Amino acid sequence: MAVIQSIRGTKDILPEEIKIWQYIEKTCRDISQKYGYSEIRTPIFEKTEVFARGVGAETDIVNKEMYTFSDRGGESITLRPEQTAALVRAVIQNNLLANTGALRLFYIGSYFRYERPQKGRLREFHQYGVECISSSFPESDAEVILLANSYIKSLGIKNYKLRLNSLGNDLTRKKYLEVLVKYLNSNISKLSQDSKNRVSTNPLRVLDSKHPDDSEIILGAPSILDYLDTDSLEHFELVKKYLDAAKIEYILDSTLVRGLDYYCNTVFEFQSDLLGSQDAFGGGGRYNKLFSELGGKDTPAVGFAMGIERLILILSALKENTTKNSDISAVVVPMEEKYYEYALVVASKLRDEMNISTQIDISRRSLKAQMRDADRLNAKYALIIGEEEFTNNSIMLKFLEEKRQEFIPLEQLKNYIS
Ligand code: AMP
């Protein structure tokens, strides 16, 4: 029978890779906690309108990339393509804003987009992200950027770029869009087909087109930073001032618009040259309209999301090896089947009383094969049990790194193993 393959653009995360995932996830939790962010988990699927309304009907995500289906009851359901809209739905529904000042949340999970798979781009991928909800002040924009930066740094990633832009408020964008559309229309013949279409549907997105035909026109486009109204400008100046004070370097890039409709004011993206064409490994920004779009009361918020697969690509390119250490410290080696019962007692003692991760042979293999296993597992100790050990309630303790061994009564084991 033919072997069934996994779905294109999805990946099994195998035991040999899991260390780096755990390391990345642990770092997410440590850093989030340091900044006072609590974890939230929402369902993998939502009513389609959460994303259609939240992310924006004219975005690529909603137009082309969502995994949407009707369930057996005829309801339109979508596998979450991102977290923010679903998280906002959960905050509104569970009334999480009732008694607090700022609400600080983080998440880790998998997300689904029907994109063309390539290096760093999957159809199921994983993100870590945070949302800082209910402050409209630039202090909160700075806080999430600082948090993102601390996170990247504590993973040991150094050479990356932070691109920063402001999309201003509604007033700014209204003014700017008039100028931009005029400019794009006067150059429309030079634009790629995709960008031509976007001039009428979502003109801002023309600015982040990667199509070579568009690069010259984008370069000459008016900058939104020249159109910021007083409030937006003040907000952005303070964000920059706080980043300067925290000694965080950034590059101002007025073509950075991000792919989702809900952003306003600050937007940012982290980029690495180690990634190839999909070079952004994280990004975010402020969203002040999303709560009301989803039926809540007006609530300002700001957040970011990082792609875990891309972080792993960067760490692999840096040869950060976090997979060396073994999970197993001790291996219990019964030389014959009849010692297995005693071996179980020894293994339990190690695990329960001494907190030592321990593995025991379950395949009735030879001493030699079991010792080879201990070596492969990078274990520190092998506890060999033969006739003499069995009858004397003892073990032969082999210190594998030091290549020495000692015959030890079981009750004294504690004195020899740390
Ligand atoms: P976005 O909010 O769409 O910019 O996504 C935030 C981050 O998630 C990106 O910077 C990527 O690191 C990651 N990401 C987004 N889409 C994918 C994908 N299809 N495959 C892998 N990672 C992705």
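Strand S15 (residues 394-399) pairs with S16 in the antiparallel sense, and six bridges join the two. Within this pairing, Met396 has Phe407 in S16 as its bridge partner. The model described here is predicted.

**The five-stranded sheet**

S15 and S16 belong to an open sheet of five strands with mixed pairing, and the order across the sheet is S13-S12-S14-S15-S16. Strand S13 (358-360) and strand S16 (404-409) are the edge strands, each of which pairs on one side only. On average, neighbouring strands of this sheet are turned by 25° against each other, direction ignored.

Two helices pack on this sheet. Helix H12 (residues 340-353) lies across strand S12 (330-334), S13, strand S14 (381-385) and S15, and runs at about 170° to S13. Helix H13 (residues 367-376) touches S12, S13, S14 and S15, and its direction makes about 175° with that of S12.

Which residues of H13 are buried? They are Ala369, Gln370, Met371, Asp373 and Ala374. The buried residues of H13 pack against S12, S13, S14 and S15. Just after H13 comes Asn378, which takes a positive phi of about 65°.

**The eight-stranded sheet**

Another open sheet has eight strands, again with mixed pairing, in the order S1-S5-S6-S11-S10-S9-S7-S8. Its edge strands, strand S1 (38-39) and strand S8 (251-252), each pair on one side only. Inside the order, strand S5 (residues 103-112) and strand S6 (residues 124-133) pair in the antiparallel sense over ten bridges. Gly109 stands opposite Gln127 in S6. Helix H1 packs on this sheet, where H1 touches S1, S5 and S6, and the direction of H1 makes about 160° with that of S5.

**Two helix pairs**

Two packed helices are described by the angle between their axes and the distance between the axes. The table gives these values for two pairs.

| Helix pair | Angle between axes | Distance between axes |
|---|---|---|
| H1 (residues 18-34) and H11 (residues 308-317) | about 115° | 11 Å |
| H5 (residues 138-154) and H9 (residues 230-245) | roughly 40° | within 9 Å |

How are H1 and H11 oriented to each other? Angles of 65 to 115 degrees count as roughly perpendicular, and H1 and H11 are therefore roughly perpendicular to each other. The crossing of H1 and H11 is right-handed. On the H1 side of the contact are Ile20, Trp21, Tyr23 and Ile24, and these meet Ile308, Glu309, Leu311, Ile312 and Leu315 in H11. By class, the residues of this contact divide into eight nonpolar, no polar and one charged.

For the pair H5 and H9, the angle is roughly 40°. Angles under 35 degrees count as roughly parallel, and H5 and H9 are therefore described as oblique to each other. The crossing of H5 and H9 is right-handed. From H5, the residues Pro138, Glu139, Asp141, Ala142, Ile145 and Leu146 take part in the contact, and they meet His235, Leu238, Val239, Tyr242 and Leu243 in H9. The residues of the contact of H5 with H9 comprise eight nonpolar, one polar and two charged.

**Summary**

The predicted model has an open sheet of five strands and an open sheet of eight strands.

Note on methods: Residues numbered from 1 in each chain as written. Predicted model: local features only at pLDDT ≥ 70, side-chain atom pairs only at ≥ 80, totals over all residues. Heavy atoms only, no water. Pairing = 2+ DSSP bridges. Helix = DSSP H or I, 4+ residues; strand = E, 2+ residues; numbered from the N terminus. Axes fitted to C-alpha atoms, helices over the stretch in contact; angles between N-to-C directions. Contact = heavy atoms within 4.5 Å. Parallel < 35°, antiparallel > 145°, perpendicular 65-115°, else oblique. Left-handed = near helix turned anticlockwise from the far one by under 90°. Nonpolar A, V, L, I, M, F, W, Y, C, P; charged D, E, K, R; others polar. Buried < 20%, exposed > 50% of the residue type's maximum accessible area, 1.4 Å probe, protein only.
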